[in-house]
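The sequence and structure come first.

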Amino acid sequence: MAGYPQNPSGYNYGAPPPSQQYYSAAYGAAPPPYGQHQQSPYAHAVASPYGAPSYGAPLSSPFAALLPSTFPPGTDPNVIACFQMADLDGSGAVDDNELQRSLSAYNQSFSIRTVRLLMYHFTNNNTRKIGPKDFTQVFYSLQNWRANFEKFDRDRSGRIDALELREALASLGFSVSHFVLDLLVLKFDKTGGMNKAIEYDHFIECCLVVKGLTEKFKEKDTAYSGYATFSYEAFMLTVLPLLIA
């Protein structure tokens with residue numbers, strides 16, 4: 001994304017270093033992206049483009065306290081400066097409104113819901129605060145999300161339609177049916193389905209929701225069969241954090 005500090009080598013959608021990365025493949029896909037052989041819906045041949053931290057043990061609280069953190073070694077000084085400017089009260093953490101203002105300084109507006117989903121994605125809780133480490137990952141990941149969005153926005157309209165969204169999700173390791181795809185476009189098209197396309201801000205929100213639900217489902221689908229059994233409590237703790245964010 002123009003104007004964003006450049007991410008150092010090894011960062012991929014906010015991922016930790018390669019030795020700590022988690023893996024996923026297209027859920028329910030026929031052949032996975034890039035033509036790799038797939039033995040199960042969750043084959044480990046395709047590295048997760050997001051490199052998200054684990055969503056935690058089943059039934060873990062999404063409202064756990066924010067853990068203190070520091071900037072990763074080699075962090076771009078511009079990212080550190082952005083954090084310090086956003087952290088108006090000097091608390092060592094940035095809340096959702098401060099993060100939204102900081103991101104908007106780079107000529108891209110983000111809804112508060114997208115900002116909160118970004119925060120949940122990197123912290124695995126709904127405290128709506130992030131420290132230096134997660135702030136750094138948010139900035140680096142947005143560069144890659146922008147590049148992915150522009151790759152599939154072939155007509156440079158600033159929006160991607162259902163077909164382009166399906167290709168984008170597949171490239172990220174997620175395969176969804178036409179029915180689910182239509183629901184996603186209807187949900188994330190800010191015109192209420194009139195354009196049948198979604199803009200960059202809502203594209204990020206869409207990807208985060210699909211990833212969050214898929215990762216939670218995979219925790220229960222231990223046999224990699226495409227089926228899982230949830231208790232009522234586990235189901236609520238799976239869905240509600242993504243709705244509340």
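**Fold and surface of a predicted model**

From the N terminus on, the elements of the protein follow the order α-β-α-α-β-α-β-α-α-β-α-α. That gives eight helices and four strands, where helices (H or I, at least four residues) and strands (E, at least two) are DSSP runs numbered from the N terminus. This is a predicted model, in which local features need pLDDT of at least 70 and side-chain atom pairs count only at pLDDT 80 or more, while totals for chains, interfaces and linings use all residues. Residues are numbered from 1 along each chain as its sequence is written, and side-chain values use heavy atoms, with hydrogens and water left out.

**Burial and contacts**
- Of the 245 residues in the protein, 49% are buried, meaning under 20% relative accessible area (1.4 Å probe, protein chains only).
- Among contacts (heavy atoms within 4.5 Å) with a separation of 6 or more, 66% join residues 24 or more positions apart.

**Surface**
- The protein exposes about 11900 Å², and carbon and sulfur atoms supply 57% of it; areas come from the Shrake-Rupley method with a 1.4 Å probe.
- F179, V180, L183 and L186 make a nonpolar surface patch of about 390 Å². Patch residues have over 30% relative accessible area and no salt bridge, with nonpolar side chains (Val, Leu, Ile, Met, Phe, Trp, Tyr) joined within 5 Å and like charges within 9 Å; a salt bridge is a side-chain nitrogen of Lys or Arg within 4 Å of a carboxyl oxygen of Asp or Glu.
- L186 belongs to helix α6 (residues 178-188).

- N124, not a glycine, has a positive phi of about 60° and sits in the loop between α3 (112-123) and β2 (129-130).
- K196, not a glycine, has a positive phi of about 55° and lies in the loop between α6 and β4 (197-199).
- K196 counts as exposed because its relative accessibility is 59%, and exposed means over 50%.
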